[in-house]
Amino acid sequence: MDPALEQRLADLESRLAHHERMAEEMSEVIFAQGQTIDRLTAQLKRMRDRVEAAEYAIASPQDERPPPHY
């Protein structure tokens, strides 16, 4: 085989290996980010529920009474 062609093939194989490694690393990062997003979404829901519960707990009892014209 021609030495120039062999060198070209070796360069292509090296580039391919590099791109495969980058794709694997990016996949791992994306997976970790997905887990972080899921965790933060659950945390946000819990916080939203706590705020709603606190708002309900501090609601004035006067809000429950009928208006004075009844």
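The chain contains 1 helix and 0 strands; helices (H or I, at least four residues) and strands (E, at least two) are DSSP runs, numbered from the N terminus. The model is a predicted one, in which local features need pLDDT of at least 70 and side-chain atom pairs count only at pLDDT 80 or more, while totals for chains, interfaces and linings use all residues. Residues are numbered from 1 along each chain as its sequence is written, and side-chain values use heavy atoms, with hydrogens and water left out.

How much of the chain counts as buried? Of its 70 residues, 0% fall into that class, where buried means under 20% relative accessible area, exposed over 50%, and partly exposed in between (1.4 Å probe, protein chains only). The chain exposes about 7,000 Å², of which carbon and sulfur atoms supply 59%; accessible areas come from the Shrake-Rupley method with a 1.4 Å probe, and for residues only the protein chains shown count as cover.

Two surface patches deserve attention. Patches are made of residues with over 30% relative accessible area and no salt bridge, like charges being joined within 9 Å and nonpolar side chains (Val, Leu, Ile, Met, Phe, Trp, Tyr) within 5 Å. M1, L5 and L9 make a nonpolar patch of about 320 Å². L9 is found in helix α1 and counts as partly exposed because its relative accessibility is 42%.

E20, E24, E25 and E28 form a negative patch; Asp and Glu count as negative, Lys and Arg as positive, and His and the chain ends are not counted. The place of a charge is taken as NZ of Lys, CZ of Arg, CG of Asp or CD of Glu. E28 also lies in helix α1, and its relative accessibility of 57% is why E28 counts as exposed.

A search of the whole structure finds 1 salt bridge, that is, a side-chain nitrogen of Lys or Arg within 4 Å of a carboxyl oxygen of Asp or Glu. D49 forms a salt bridge with K45, with the closest N and O atoms 3.0 Å apart. Both residues lie in helix α1 (residues 3-57), 4 residues apart, or about one turn of the helix. D49 has 35% relative accessibility and therefore counts as partly exposed; K45, at 48%, likewise counts as partly exposed.
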